Structure formats: C-alpha cells, structure tokens
Amino acid sequence: MSKAVKMKPVRRLVPKKPSNNILKDPVGVYCRVRPLSQDDQECCIEVISETTIQLHPPDGIKVNRNGEFKETQYSFKKVFGINTTQLELFEDVAKPLVDDLLHCKNGLLFTYGVTGSGKTYTMTGSPGQGGLLPRCLNMIFNSIGPYQAKRFVFKTDDKNGMEIQTQVDALLERQKRENQSALIKTPKQRLDPDVADMINIEDACKVEGIDEDSVFAIFVSYIEIYNNYIYDLLEDTPFEPIKPKWNGCGTPMRSTEFIPPQSKILREDQNHNMYVAGCTEVEVKSTEEAFEVFWKGQKKRRIANTQLNRESSRSHSVFIIKLAQAPLDADGDNVLQDKEQICVSQLCLVDLAGSERTHRTKAEGNRLREAGNINQSLMTLRTCIEVLRENQMYGTNKMVPYRDSKVTHLFKNYFDGEGKVRMIVCVNPKADDYEETLLVMRFAEMTQEVEVARPVDRPICGLTPGRRHRNQAFKDELTRKLEERGGPINGDDGSMIDILLQSFPPLPSCELVDPSDEQTLPALIECLEKRQRAREMLIEAFHNQVVKTKSMIQNFEGTVSGKDNIIQEQRAKLSDKDRVILQHKSELDRLEKKTKTLEYKIEILQKTANIYEEDKRALQQELDTKDQKLHRQLSDNRRLEARLQGVASETKIKWEKECERRVAAKQLEMQNKLWVKDEKLKQLKAIVTENKNERPDQPEKPERPSRDKDKVLLRPVTPSPASGEVFRTRGGGQAVQFTDIETLKQESPTGSSRKRRSSGNIPVQQEETTENEWTDVETRCSVAVEMRAGSNLGPGYQHHGLPKRRKP
C-alpha cells in the first residue's frame, strides 16, 4: 500500500498596507442593462438599486448540489437600467474623461460584455440617439471652438509627439494640400442622413475653465485589432495599376489589384508610452468632420453575421482622440515656438468584441478562428487584471503579461498610472446568456479592486495670463481709430466711388412738358457746371496725390533697391542652407532606410524569439510532465519493491516452517514403518520357531528357498507425472514426489502357484496364512518418497492405481 503524502499548508497572502506617497483611484466599473428583444423571454437580471444588480438562475440550471437555486448580487459604481438614456450615461461616465482631456490628462473608456449585449450601441449610438463617441466629440469642439489653431500649425512627428510650425509654413502646407486635392478632384461624400442625425445633439455641453491663453488642435485615429494584428482603418488602400497579378494557371489577372492592408506594430516613445507606429492621424476642426472620419473607418471594420448577433464585431476597435495644446507667446498673437511647452493628451474609446461560445454561435472556419482569438485576448485581459490586483493587494511583484495580447500591450500605460480607466459592462438579461453573464460579473467585480495611480497635473506656463484678451482688445482699438481717420482698413474701390458719387449735387428733373419752360434747362446747366467744377477739383486733387504718390514710390524704390541687395545676399545664404538641407535630407533618407531595415530585422527577430519562447514553454511543459511521470514511476517501483520484499520474506518463513513440519512428519513416519517392520519380523520369527517346535519328528529339514528367489521383485517403473512430480536434485539425479497411496507387493520367484513344502501334519489353513503373510510384506501410505538415481533401494518400484489424495 502507498503511504499517505502529507500536504504542506497553503501560504496565505497578507494584504499589503496602502502607501501614502502615491494617490490612487480604483477603476470605475459601470453596468448597463439592455432591454429584452422579446417580451416573452425569460429574464435573469434584476436591478435592485443604483449600484446593485441581482442574477437569478433560469429554470433549467441548478447552482447548488442540493438542487436549490442560488441568487447572487454584484455591486458597481453605478447601474444603468433599461430606461437609461444616452445622455445620462454620457453625463456620468464620459463627461469627466473629456474634462480631463481638455486639462492635459489621459483617459481610457472601454465597453465589455457578451456578444449582442449592446456594446457598439453604447459607444456609437443610433439615429437620434448618439452614443458616447459623438457626444465626446461634440463636447470637445464646443469647448475649444474659438481657441483652435489654424490647420497644420501642429504637426505630428511620427513618434507619438507633436511639432509646431510657423504661420508661413502652415500656410504653405495648406496651399499644398489644396492643390493636391484640386488635382485629384475627389468629390466630397456626404454623410448618410441617419448617421448625420447622430451628431446633431441638442443637449450640447461645454467644459468650463478652458485656458484661453492656449491654442488647441484635435487629431483622430481609428484602428482595429483583428486576430491579434493591428490594422489602420483610416489608411487609404493602395493599388498597383502596372504590376500584374498571376493566378495558379500561369495567366495574368487584371492589372489593377488592391494591396491588402498591412498590419501595424506597437512601439514605445521616449516617454515609455505605447503607440501604433505608422498609424494615420487626421486633424479635424469640427464634430461633423471628426465623425465623418470615424464613419469612413467604421465601414472598413470587420463584422459578420452569427447565430447570436446579426452584426457581430469580429475585432476590437480603438478610436483615439488626441488633443495638442500649446500656449501663446508674450504678445498673445502667435503660438509659442517651444516644443517643450506642447501638451499632448488623448482619450481612447475602445469597443471590445464580445466573448462567445462556439457551441452557441455555430462558428466554423474563419468565424471559429476569430472567436478563438477574441476569447484569447479577453482571457489575457482578465489575467492582467488578476495579476495587478494580486500585486496591489498582497505586495507581490509578479510580472503582468501585457505582451501576450495587443489589446493589453497597447493600454499598459493606463494601468500603470497614465490616466483614468473606466469600463462599462454591458449585459443582456435574457436567460440564455446567464452563464456568460456570470463570468462577466465576476471579472467586473475583480476589476473594481484594481487601483490606478492618479495622473499628475501639468506645470503652469510662466507667461502672464490674459494675453489673448489684451491682444484682442488692442486690435479692436486699432480698428476703431483707423475708421475714425479714414474709414475701414479693408475698404475697397467700389465703396470709395460710391462716396464720391454721393458728394456730387443731385441732378434735377430733365422732363420738358411745355415748350415755354425756361427753368428746367437752366437748372440742369447749373447742376452740370457744379459737377464740372467738382470734377476739376477732384482731378487737381488727384494729380496732386499722384505726384505725392510718385515721390513716395521713388523713395520706396530706393528703399526696395537696398532691400533687393539684402535679399540677394539672403538668397545666397539660403542657397547654401538649401544645399546643407539637401545633404541632411539625403542623410536622413539613408538613415530612414537603415531604420526601416533594422525595424524589419527586429520584427523578424521578435517573431523568431516568440516562436522560440513558445517552443521553450512547450518543451518545458513536456519536460515537467515527464519528470512528474518519472517521479511517479520511481515511487511506484519503490513501493512495489518493498511490497515484494515483504512477500518474499513472509513466503520464505512460511516455507521454512512447512519444511520443518514435513521433515518432522517424515521422520515420525519412517520410525513407525521401522517399528512395523520389526514387529512383523518378530512375528515371522515366532511363527518359524513355533513350526519347528510342532514338528520335531520330521525326518529331514525342508529345503529353504534360495535367497535370490525370495528377493522381492520390484519392477522398475518410469515415474509418471500422474503419480508424482519429477524434479532435479542438487546431486545431479532425479527426485519424484508422490501424492498417491502406494502398495509394495512381493512376488514369488516361481509365480503365484508356488507352494511351500510342508509335512502332512500342517493344516492347509495355516499354510495359506503363512503364504499371505509372506506375500503381503508391506502396505503403506506415503506423503513423499525420494528416488535417487543409482540409490541402493533396488531396481525400482511399481505404482498401483489406488485412490489419490488431495493436495493440502
């Protein structure tokens, strides 16, 4: 029997004392319950209060072993019932994140739940009921509308940072983009009226306390994570109009083929924040433009029809709103040309794909693969949350497996303290989703125990506040004074002509109704003469102004000639700078090519390393399994060896006792046989002596038979297995162990008709008795008789068929 193994007691983790140095906030988890699609469906969720819901197991599920129903309750920061509007959800969940975004703080908001629970509806909305995303965009542009910078003043540097361009560079960039769009002549697509209705939100809100001495710019990007690969939904799909595509038959296909989108990689910037390299970032200036960009990417998102959802999301979508903010200069007119003063914050709105079970969705092929990758990424998210919770609660230092999934790797900075994290758990109250909803509730309850470090406030710029307001007041005062001196600054020629025409005297009526009328023509002549004098005065004033203008032009020409010389010198310097710039550009191109080559090699090495890591883990797991199996076999062998040793020792002792018992029994038996033989010999001697005494007058002594004839004839018989067992002895001979009753008979040399010589005085009966005594020498029952080859027992024994004895 195997010995019982004593189990070590499980070490219980002691909760860690909270640290007072870093302020932390728990992850805000909210719950939204969607209404049932059919009124006759069974409901398994009940909203008890504003923060608590209760799950009721359906009729076909028994939770406890005794067959009783078990109802469970789960608490959240806030629970939104089936009558909750999109505005109420936005006010409680997303509005604080938008406020933090405009104050240079990051935020992460994602929806989580089973497929068909209303995650996409919560994030995007429906016609007339805009979701969180359009409401966030509307709130942002309502708040920074008058403080937006001109387009292309802020420019991305492709390294998750921002650069500032001057007004001239921004103007050149705008003209360049306008010329490109004019050459391409792409017609502007109008939004669908139903989609446009999602952004016409009547309940527009605005963030108070915006820094008026700063300028803002909004950049949006839209990506999806499909089968653990990142794709840019805003990237224009290129095509190759020249390079032909070849099919399997060796014939070229159509020459124009769209290139499939390439997956993007994650990188870490200089601030150790994760970003998607090469992702398209579009600068937008209004809610309509931003939502148009979103809808362009939404059309490319992968969706499919399943058994549980008509438009099931097959990927995780991430819409990133990036806000660039920079202060104005000391004059309050232009942006401060200092890259260190740029503050970049972003708000990530994530619509996670729903977890699903394949036996319910009946997924096959690509759908099955997609479902497996979705469930795997969500499982990685749960694992990261569990490790974070354990590290925070018990003071452990386990490594969080962010890199196991692109979703967790992209947002690792948020869980490490780069912004607030909010999660909306969407649930479907129908009874068919009870088991999946139960798992979602447990994950949400665990997520609420994770704390995220509170983001640090941005340092205040050292410039004097109120610069924009003072600059605007100065412009208004300058415009007023210019109007007082000579009219508006931007007056055109048409308005000056109107003023001159109004200064002329009006013409009188020229209609002649009577030939004797002597007043109309003189009045007309007088008016024309006045107009002529005014015209001559204006011509004279004009000539005087022309002379002054010519003198001023000559002065300006002299100044311009001097400026031309300076410009020529500056152009010579500029040409030198251009040559240097060209050299730097060539060097930069070379370095960029080298960087791309190194990045490609790094990616290959990373994939190779991942493959090796997977092989290592598989081999390590196989080695551990074999070690465990080997340990079990060794322990079993040791137990079997100990058991066999015990059985052998017991058997040895048993057989030793049995041999001693049999030897003692054999000795006793042989002694009894010797005694029987002695008794018989004594009786035989007594009979012989008596016969001699009874016949003393016999003339001559009967002749004794020869001893050779009187010898007992024992016929040699080959031992057979039926009468005994044959086995070899140590001396080289053979031994037989008999188990039958044996009778040894002595035969007369002359046969059965031999008669002893006797005198007539001896009765016949006495002679027969003597003959019987002489024939039946011995009858015995043996337990074991050994016959050795070459022994002195005689030629052999004959076994007669007597009833066999049963073996003990």
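Trainee: How do α1 and α3 lie to each other?

Mentor: This is a predicted model, in which local features need pLDDT of at least 70, side-chain atom pairs count only at pLDDT 80 or more, and totals for chains, interfaces and linings use all residues. Residues are numbered from 1 along each chain as its sequence is written, and side-chain values use heavy atoms, with hydrogens and water left out. The two helices pack at an angle of about 45° with their axes 10 Å apart, where axes are lines fitted to C-alpha atoms, for helices over the stretch in contact, and angles run from 0 to 180 degrees between N-to-C directions. Angles under 35 degrees count as roughly parallel, over 145 as roughly antiparallel, 65 to 115 as roughly perpendicular and the rest as oblique, so α1 and α3 are oblique.

Trainee: How do the residues of the contact of α1 with α3 divide into nonpolar, polar and charged?

Mentor: The crossing of α1 past α3 is right-handed (left-handed if the near helix is turned anticlockwise from the far one by less than a right angle, right-handed if clockwise). Contact, meaning heavy atoms within 4.5 Å, is made by Q86, L87, L89, F90, A94, K95, V98, L101 and L102 of α1 and by L132, R135, C136, M139, I140, S143 and I144 of α3. Ala, Val, Leu, Ile, Met, Phe, Trp, Tyr, Cys and Pro count as nonpolar, Asp, Glu, Lys and Arg as charged, and the others, Gly among them, as polar. On that scheme, the residues of this contact come to 12 nonpolar, 2 polar and 2 charged.

Trainee: How are α3 and α6 oriented?

Mentor: Helix α3 spans residues 132-144 and helix α6 spans residues 287-298, and their axes come within 9 Å and cross at roughly 150°. With that crossing angle, α3 and α6 are therefore roughly antiparallel.

Trainee: Which residues in α6 meet α3?

Mentor: The crossing of α3 and α6 is right-handed. From α3, the residues taking part are L133, P134, L137, N138 and F141, and they meet, in α6, T287, A290, F291 and F294.

Trainee: How many of the residues of the contact of α3 with α6 are nonpolar?

Mentor: The contact of α3 with α6 has no charged residues and 2 polar ones. The nonpolar residues of this contact number 7.

Trainee: How many strands does the secondary structure of the protein have?

Mentor: Helices (H or I, at least four residues) and strands (E, at least two) are DSSP runs, numbered from the N terminus. Counted in this way, the protein has 16 helices, and its strands number 28.

Trainee: Is P455 buried or exposed?

Mentor: P455 sits in the loop between β24 (451-453) and α12 (467-486), and, leaving aside neighbours within four places in sequence, P455 is in contact with K105, G417 and G419. Buried means under 20% relative accessible area, exposed over 50% and partly exposed in between, with a 1.4 Å probe and protein chains only. Because its relative accessibility is 15%, P455 counts as buried.

Trainee: What is the relative accessible area of K105?

Mentor: K105 belongs to the loop between α1 (86-102) and β7 (106-113). Beyond its neighbours within four places in sequence, K105 is in contact with D100, S345, Q346, P455 and D457. K105 counts as buried because its relative accessible area is 19%.

Trainee: How far apart in space are P26 and V421, C-alpha to C-alpha?

Mentor: P26 is found in strand β1 (residues 24-26), and it counts as partly exposed because its relative accessibility is 46%. Not counting residues up to four places away in sequence, P26 touches R422, Q448, V450 and E451. Although P26 and V421 are 395 residues apart in sequence, their C-alpha atoms are separated by 8.4 Å.

Trainee: What is the phi of H272?

Mentor: H272 lies in the loop between β16 (266-268) and β17 (274-276), and H272 counts as exposed because its relative accessible area is 54%. Although H272 is not a glycine, its phi is positive, at about 65°.

Trainee: Where does N228 lie?

Mentor: N228 is not a glycine, yet it has a positive phi of about 65°. At 31% relative accessibility, N228 counts as partly exposed. Its place is in the loop between β12 (214-226) and β13 (229-232).
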